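Open the model in your viewer and keep the selection panel at hand. We will go stop by stop.

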Amino acid sequence: MSDFLTIKGITAGYGDGPAILDDAKMTVQEGKVHCIIGPNGAGKSTMMKAIAGMLPLRKGEITFKGENIAGLRPDQMLRRGIAFVPQERALFPKMTVRENLRMGGYILNDDKALSSRIDEIFDRFPILRERADQHAGTMSGGQQQTLAMARTLILRPDVVMFDEPSLGLAPKIVREMFQIVRLIADTGVTVLLVEQNAVMGLRHADWGVVLDLGRTLFEGPSAEVLADPRIQELYLGGQKVA
Amino acid sequence: MEQIIQVAVLGIGLGGVFALMGAGLSLVFGVMRIVNLAHPSLIIGGAYLAYWGFRIYGIDPLIMLPVCALVLAATGVLFYKVFFERDAKSATYSEMTVLLTFAIAMIVEGALGAAFSNTQRVTSPSYATDAFFIGNVFIPKGQLYAGITSIVIIGLLAAFLKFSRLGYAIRATTQNREAAALLGVNVNMVGLMSFAIGIGLAGAAGALTSFVFSFFPAKHWEWVAVLMSLVVMGGMGSILGTVVAAFSLSIVAAFVGTWIGSTWSTMTFFLALFLVLLFRPQGLFGEKPELV
Amino acid sequence: MSDAMQETGAVLEARKAYNETLRIKADQTRATWFPITIMILLIALPLLQFTGNYNYLLHMVLLTASYVALASSWNILGGFAGYISLGHNVFFCIGGYFAGMLVARYGWSGIALAPLAGLVAALFGYVIGLITLRVRGPSFIISSIALVMIARLLFDHWKFVGGANGVTLPPTELSVQWAKLPYYYAMLFIAAFTVWCSYKIKHSKFGLGLRALSKDEIKAEAAGIDTRFYKVTAFALSAFFVGMVGAVWGEYLTYIRPSIFLVILIAAYMVLMCILGGKGTIAGPVIGAILLTAFNEFFVATMGASELNILGTGVIMAVCLMFFPHGIVGSLARKGRLPRILNWD
Ligand SMILES: Nc1ncnc2c1ncn2[C@@H]1O[C@H](COP(=O)(O)OP(=O)(O)OP(=O)(O)O)[C@@H](O)[C@H]1O
Ligand SMILES: [Mg+2]
């Protein structure tokens, strides 16, 4: 389709274990918000890790701006403009907010540029400036998640991936998280995110991907995914009960 | 009152040396999750280096200190390459590495013993046996210099960790290895550097030790338990915690030594360890309730 | 496609389970005659004394038997429960001193006192375990080292038990020819008893629980195992056998002294023998003890110096850990090459 970011035929697993992802794929459009949904253990996190280079691919193709980037290390992905915030524990709890942001620009290796970029982040997220010298581990869950997402922006990436940014947050805070996601996308950054709360995630996304048993079952504009009766029954309806 | 000040001063002097010994240990544990039981034996190695430097060439141990640090840092790199770079991912890694460091401690002790015999040694620069008085408070110069040097080195270490790029990487790896790797930190390199710095600090501590304590190859067993107590108390991997534990316990130990008997002063460290295990297993500055 | 995959997966699982039962069945034909024959030979060994002076040989067997017992009991805590103790010689010391003092004061028999000495050691083990088993992994190992240092300080300065010089015990009244026999049989019996018990423990519900908690303590707890009770009991049990050995060993040497019990090398041997032979297996500690005692004797005889001995022990330990972490028995079993006569599990 587009030659921005292509992800297809992804097969991956942990160690010598079974393949957790089996021929998974997703379409990515520049500047849009993509939401991956699916039940627990479907392989959503595994998919993110595989794309981010944290997990070796057994098979599959990932091309970015025409370059084959499958099998690169996480830092090489980062240098090419793809940043990742893993599920939970993405921060350095005993470093201050400012230090965490500095770590976000670790590969820049340029103090001046880094400081000015941190200032930009502070302008966009005033709450972080307020807390600049507080240890990250002592902030509220929502603030921590904001910091984790903001930290990826230091490198001015083209693609950011967030694994369950809403995990463990109160509904009101979850809405704030999605507003932040939207803000990020509005600056032209492509967002890939995983969401447990499928309805909520799809409502805030442009594109929906349904993953189960390590395979891509369905993908399409999120409104279509939301409206599809089979998906409603299997993945959206059951969710309110659970 | 004077006696109290007197004892406290002695305690602080020793506390500095123990803090320096413990800091390197804590650093290595933080980054690598390795409890390095060989650390004290390497301190003794550093002490021998300073001792022979003084005996043969008449070099002051304080001047030998950087040499000891560098030689031991190189040893640290060697040990990392030989013993620890391999399968850091296996499940029983941390248990196996403890036993491995135990074996290394025996190797170092045996090698030092074979080379230098089990005679007690002490480096004796003029200040080692000298002292001065402030009022009636008696201050041995050897301990004072060792204490001050330790505090300076720990200060430098703290500044390095706080401000340098490598320092950031070390702290980040300690707190969250996976996230550090994701942000482009070469965690293997950081592991190697932490070994070099940690063991280098052991070398520096050895140079100071050489004129503060008398030593012999098997002496390290006495320190293993003391230093490990400091690290557990400080909250495995928290350098600040280790330093705080070193100073406070050394002062308490100095009082115990004066008022109850010098043989019992080391008991302070062990009892403190058991009290911590009983009431705060995660250590003073630790967060995780259990270390698996 | 996915369904088909799952089916193949299920088939594979079933095949694995089936193979496993086959393997266990094969194991049931295990060669029990082998250890029994060895025991009979060892029991008959002192008959040699009628033909000449074989005291050195008897001493070596006795020494080996004591290490077999020490290593096998360490294995209960370290191998089954996964708690590595570098301070188990403390219980060796407690057993030795308890019996030794009664021998010295009242002229009782150390051998007869051994079970009681074991109980005393177990009691200490239980209480100490309540404290130190609150932490796992590195912290536990450290606490065990601290334990040795504490014991050493206490015994070195405890006037009642003779401080660092210890206490001399009355020598046996038997003639040189037969003097070693009571200790020889006592140690042989303790060693066999310890190995047998460790076998029984491993195959009991208790042993299963220990192995579960060594893999994942939280999951074991969730599965309804009272992990705290289990591991503290394992600690006490393992201290029990060590204490018995201590009681006999002290009387055999005719003196008790902190420097014979509370040296790090003894603790190191217990660990090393288990690792060398195969931690968590039954035959492993036995094989490790035999090999290491022989090696040590050879080393001391040829090189003498104890520094080199420490160096050599360290090198063997490092090599074992790096290249055969499962030990001789464990590695062979993994490859399916373990000779039947060595499969005691
Ligand atoms: N580090 C790991 N090692 C081995 N298996 C793993 C690992 N992480 C996840 N798995 C397995 O991979 C499968 C998919 O896990 P994954 O974390 O990708 O699911 P998920 O869709 O993100 O679920 P959740 O909604 O719970 O986060 C699960 O069966 C899990 O047990
Ligand atoms: Mg997940």
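Domain bounds here come from an automatic or database domain assignment. This is a predicted model, where local features need pLDDT of at least 70, side-chain atom pairs count only at pLDDT 80 or more, and totals for chains, interfaces and linings use all residues. Residues are numbered from 1 along each chain as its sequence is written, chains are lettered from A and ligands numbered from 1 in the order in which they are written, and side-chain values use heavy atoms, with hydrogens and water left out.

**Stop one: chain A.** Select 1-81 + 157-165 + 173-242 for domain 1, then 88-156 for domain 2. Their C-alpha centres are 24 Å apart.

**Stop two: where the domains meet.** Eleven residues of domain 2 of chain A are in contact (heavy atoms within 4.5 Å) with 14 residues of domain 1 of chain A. About 1,100 Å² is buried between them, 76% of it from carbon and sulfur atoms. That area is the accessible area (1.4 Å probe) that two parts lose on being put together, summed over both. Now pick A:Pro157, A:Met177 and A:Ile180: on the domain 1 side they lose the most area to domain 2, together 38% of what that side buries.

**Stop three: B:Phe270.** Which residues touch the most other members of the largest nonpolar core? B:Phe18 and B:Phe270 do, in a core of 268 residues. Such a core joins buried (under 20% relative accessible area, 1.4 Å probe, protein chains only) Ala, Val, Leu, Ile, Met, Phe, Trp, Tyr and Cys residues through side-chain atoms within 4.5 Å. Leaving aside neighbours within four places in sequence, the contacts of B:Phe270 include B:Ala225, C:Met149 and C:Leu153.

How values were computed. Buried means under 20% relative accessible area, exposed over 50%, partly exposed in between (1.4 Å probe, protein chains only).
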